[in-house]
Amino acid sequence: VRRKNFLFYMKAINQFPAIRPLFHDLPSGVVPFSFPVLVQNRYQLVEGMKEEGVWLNMGFPESGELEKGDSLLGGGFQGTKFLARHLLELPVHQDLDDKHLEKIMEILNLIRLWI
C-alpha cells in the first residue's frame, strides 16, 4: 500500500510546479516511509494543512533555529540547511486510501493559492 500511495503522489504532484518531489522514481523492493517534497513556504503550508485537519511531517522538525542562524551548524552543511527549510513529507502509510490521498492533494491545491 505504501508503494501504491507513493506512486499516486508521483503522478498527482505534476500539477503543482511549486512542489518538487525529492525523488523521481521508486526502485523495486523499496517501501517508502513518506513522499518527500521540496516546497518554498514550508511552515505556511504545514500550518494551512493543519487548519484543514492534515498533519504533515517536515523531515527536519528540529530545524526552526536554522533560520535564526543556528550556531551549532556554523557555516557548513548548506545542503542540510536547505532541506531543513524546504523538505516536507506527504504521508503514504497503509491506513490511507485513494480518497485520503485525493483529499490531501485537493487541500494542497487550495492552500498553495494563498501562500
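Which residue just after H2 takes a positive phi? Gly53 does, with a phi of about 90 degrees. Welcome to this predicted model, where local features need pLDDT of at least 70, side-chain atom pairs count only at pLDDT 80 or more, and totals for chains, interfaces and linings use all residues. Residues are numbered from 1 along each chain as its sequence is written, and side-chain values use heavy atoms, with hydrogens and water left out.

- Three strands make an open sheet in the order S1-S2-S3, with antiparallel pairing (two strands pair if DSSP finds at least two bridges between them).
- Strand S1 (20–21) and S3 are at the edges with a single partner strand each, so one side of each has no neighbour in the sheet.
- S1 and S2 are joined by 2 bridges: Arg20 stands opposite Leu38, and Pro21 has Val37 as its bridge partner.
- S2 and S3 run antiparallel and are joined by 5 bridges, with Ser34 opposite Pro91 in S3.

**Strand S2 and its residue Ser34**

- In S2, 5 of 5 residues are buried (under 20% relative accessible area; exposed is over 50% and partly exposed is in between, with a 1.4 Å probe and protein chains only).
- In a regular strand the side chains alternate between the two faces of the sheet.
- Here Ser34, Pro36 and Leu38 point one way from S2, while Phe35 and Val37 point the other way.
- Ser34 counts as buried because its relative accessibility is 11%.
- The side chains of Ser34 and Glu89 make a polar contact at 2.8 Å (a pair of N or O atoms within 3.5 Å; within protein, one must be able to donate a hydrogen and the other to accept it, and residues adjacent in sequence count only if both atoms are side-chain atoms).
- Not counting residues up to four places away in sequence, Ser34 touches Phe6, Glu89, Leu90 and Val92 (contact means heavy atoms within 4.5 Å).

- Leaving aside neighbours within four places in sequence, Leu108 is in contact with Phe16, Ile19, Leu45, Met49 and Leu90.

**Aromatic rings**

- Phe8 and Tyr9 are both buried, and Phe6, Phe8, Tyr9 and Phe35 form one aromatic cluster.

- The buried residues in H2 are Arg42, Leu45, Val46, Gly48 and Met49.
- Seen down the axis of H2, these residues fall within an arc of 165 degrees (taken from the directions from the helix axis to the C-beta atoms), so they line one face of the helix.
- His86 lies in helix H3 (residues 78–86), and its side chain reaches the backbone oxygen of Val39 at 2.8 Å.

Note on methods
Helices (H or I, at least four residues) and strands (E, at least two) are DSSP runs, numbered from the N terminus. Rings of Phe, Tyr and Trp (its six-membered ring) pair if their centres lie within 6.5 Å; planes under 30 degrees apart count as stacked, over 60 as edge-to-face and the rest as tilted.
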